[in-house]
Amino acid sequence: MTAARCVVATFFVSVATIGACKLGSSAAHDGDATSTDGGQRGCRDNDACAADEYCQYTPGLCGRGSSAGTCRRKPVSCQDTYSPVCGCNGIVFDNECAARAARVDLAAIGGCHTVPDWASCGARYCDVFTSYCEIYLSDVPEPPTTYTCKPLPLDCKPDRGTSRSCECFPSGTACLTFCGFIQTGSLPGFHLTCQGVKEPK
Amino acid sequence: MRLRLSPAIGLAAFLGVTAAATRAQAQCCSGYTLATACSGVPLTKARWCIQNSAPTGQAALPPAFCDYGEKVVSTLETVFNIKATGVFEFELDTQTGGAHTGTACNGFGAGVAYDAFVGSAYGATGFWGYLLSLHEAINVWTGMSSSGWPTDWWADHQSAFPNLMDFRIMNTIGTSNNDQNLLRAGVAQKGRFYPGGDSADPKVVALDNVYMAMPNGDGFAGFSQMFALQSGDGVKWDSLGVPNPDVKRSEYVVGFMSLAAKQLVLKLLQGPGANGGGNICNNTPDGTPGDQPYTCSEANINAIATAHCAIAANGKQTAHLASLRSGNYASVPSGPCGSTCPSECACDAANHCVAYWLGAPNDGGTDAGVDAGTGGTRGDAATDIGSAGGGGVAGGGSGGRAGASGATADASTGTGGAGGTIDSGRGGASGATADAATTGGGGTGTGGTSGTGGAGAGVTGGGAGTPGNAGTGGKPAGDTGSNSGCGCRAFGRDRSEPRAAISLVALVMAAMALARTRARR
């Protein structure tokens, strides 16, 4: 699987469900990491994993959730694709693979610094020129709040005019009742947030 | 007689409140700063922290939220019967649009995007801030209570209960603070889920109908009782040995809900009920692939609730509790009627302790009726009209089931509905009752055909209703507004704990108001 496909995969797919991108030569190792005895190994941090593994948490609360994480093999190489993600160490990585290679899991609720022209959307960032962040808020103590980069409607694209307003979204767009801007340090992005309603499957 | 407090006691009380307030204002997580908008507000249960990188800085939090957070915590403690484990930290995050439980430093609290607190939606300023901070706090308490609630109608995939709590708590705090903006927000949030709303959901309406059917129309106390009964039996939904969702899991939840309501609420959930409420437990697909629709069994729910009663009546034996907890309620032996039969239960004709609604009417004994009709449902908004009250259960040996309650309306222009009619008790005469409307027009009770008229009783104050017409014969009128019951019920435990908890909250609020007054001085 190529890195380009990985970027595409960040659209339409929720952070909660996407899992690690399968990158380069790591694809063969990208299944569930196994311990030497062949079983999945639980972890609370990287110390519990082998040197070529990282601790992946589900949900992605960086070890703060009630469930233990799982040791997974880190990628051995990554493509040079820019699709920024927020790591559990607060650092923005160029892409998910780079974070995994550094043995860093993704922070499902974000918390990293802003990236110009990329709108923070859970653990990921949405390209404000082409996408917006759709959020379905959880109603249980831990995520599955889902954050998804969705394609921008034509009228919302920056080249359609200088003023950006939530009115550019067609009526009936999901989650439009709570629409706002995401600051990026340059061109802001949009978020559309749903609360109290079921996320379509 | 006027009480005089010594200066020492007054000083001690003041210092106590101040110290507690200082605790609440303790350190925020790294990268966050205490909201200056709340610096003059003595907070003991919650604090507000703004992420340093928030573009609007300290202006992100309107002052009205300071006290709101405090009351959110107090209310959730009461509803869930679970005390906060510390000061609840509300964080305003720079990240936009989201919300989550837990703080930035893995603490007790929740985070909401800063942009939720400004701007208007649905005619209320800061609508999303009120809603999301409350909603995340509810999620925290939900997690502290029990996991495994039915995903097809309670929470997780379908969010009926959290959505219900959202608008009910917003309305309650808005009323308490006389905050018209918050009241508008609460009405709007309710409107989203009622017919015609942008997120209309019959399940939310169905649970709201149950909320209003709780004893005395007090849904908070009712659900609090439900959580207490479940916790008291040590029942955890995920220990029932069934998947989620599943019919048995739902029947258990409905069973405990019915015990708290002292009536079988299955039909309210199945619908169609008031305002179209329903679609729970009635074989309606929930829309999630793989979830199979099912219909809950009234007989099973009765058996689950009666198993709870029998276990209590038998002294809560470990083996019996284990059976109930593992889903094997059918193996719980029946329990005797007597002093150990709790107030959510009653005695049947065979003298067994059973679910309250399965209890046999009394046969014309000599006890006076003591249980007035339960409160009618209450409308929320100023223009709402309270719907008809549910039938009250008249206690007393002379009456069987009796008296319906008058409907009520919260707001000043609301109009109370008419009181219902009564059912005559078997053998003896039943006392007719009519609860008054809380405010607005009073409900009119209808006398029993063969009972003694009972006086109307307000649920939460306000204008008195018209007393029920006197019937003929029977025993003297029963007391109104109390909750004890028939033969078995008379021996039962009084449901005073929730009231005590609410009183305690009121006391704390009064102390805070006093401290605030002092601070202003």
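Two strands count as paired if DSSP finds at least two bridges between them, and strands themselves (E, at least two residues), like helices (H or I, at least four), are DSSP runs numbered from the N terminus. With that in hand, Thr33(B) stands opposite Ile50(B) in S2(B).

Some ground rules before going on. This is a predicted model, where local features need pLDDT of at least 70 and side-chain atom pairs count only at pLDDT 80 or more, while totals for chains, interfaces and linings use all residues. Residues are numbered from 1 along each chain as its sequence is written, with chains lettered from A and ligands numbered from 1 in the order in which they are written.

Chain B has 13 helices and eleven strands. Of its 521 residues, 59% count as buried; a residue is buried if 20 or more other C-beta atoms lie within 10 Å of its own, exposed if 12 or fewer, and partly exposed in between, with C-beta atoms placed from the backbone. Take the contacts in chain B between residues at least 6 apart in sequence, and 62% of them join residues at least 24 apart. A contact here means that the C-beta atoms of two residues, placed from the backbone, lie within 7 Å.

Five strands of chain B make an open sheet with mixed pairing, in the order S1-S2-S3-S5-S4. Strand S1 (32-34) and S4 of chain B are the edge strands, each with a single partner strand, so one side of each has no neighbour in the sheet. On average, neighbouring strands of this sheet are turned by 25 degrees against each other, direction ignored. S1(B) pairs with strand S2 (residues 46-51) of chain B over three bridges, in the antiparallel sense.

Two helices lie on this sheet. H3(B) touches S3, S4 and strand S5 (109-113) of chain B, and its direction makes about 150 degrees with that of S5(B). Helix H2 (residues 64-80) of chain B lies across S2 and strand S3 (88-93) of chain B, at about 130 degrees to S2(B). Angles run from 0 to 180 degrees between N-to-C directions, and axes are lines fitted to C-alpha atoms, for helices over the stretch in contact.

| Helix pair | Angle | Axis separation | Crossing |
|---|---|---|---|
| H3(B) and H4(B) | about 125 degrees | 10 Å | right-handed |
| H8(B) and H10(B) | about 60 degrees | 8 Å | right-handed |

A crossing is right-handed if the near helix is turned clockwise from the far one by less than a right angle, and left-handed if anticlockwise.

H3(B) and H4(B) pack at an angle of about 125 degrees. That makes H3(B) oblique to H4(B): angles under 35 degrees count as roughly parallel, over 145 as roughly antiparallel, 65 to 115 as roughly perpendicular and the rest as oblique. On the H3(B) side you'll find Tyr130(B), Leu131(B), Leu134(B), His135(B) and Ile138(B), which meet Pro162(B), Met165(B), Asp166(B), Ile169(B) and Met170(B) in H4(B). By class, the contact of H3(B) with H4(B) has eight nonpolar residues, one polar and one charged. For these classes, Ala, Val, Leu, Ile, Met, Phe, Trp, Tyr, Cys and Pro count as nonpolar, Asp, Glu, Lys and Arg as charged, and the others, Gly among them, as polar.

H8(B) and H10(B) are therefore oblique to each other too. In this contact, H8(B) supplies Glu251(B), Tyr252(B), Val254(B), Gly255(B), Ser258(B) and Leu259(B), and H10(B) supplies Asn300(B), Ile301(B), Ile304(B), Ala305(B) and His308(B). The residues of the contact of H8(B) with H10(B) split into six nonpolar, four polar and one charged.

**Where the chains meet**

The contact between the chains takes 27 residues from chain A and 33 residues from chain B. On the chain B side, the elements that give two or more residues are strand S4 (99-101), helix H3 (127-145) and helix H4 (160-177). H3(B) gives the most, with eight residues. That side of chain B divides into eleven nonpolar, 19 polar and three charged residues.

**Over in chain A**

Chain A holds an open sheet of four strands with mixed pairing, in the order S9-S8-S11-S10. Strand S9 (146-151) and strand S10 (178-182) of chain A sit at the edges with a single partner strand each, so one side of each is left without a neighbour in the sheet. Neighbouring strands of this sheet are turned by 30 degrees against each other on average, direction ignored. Strand S8 (residues 131-136) and strand S11 (residues 189-194) of chain A run parallel, joined by four bridges, and Glu134(A) has Leu192(A) in S11(A) as its bridge partner.
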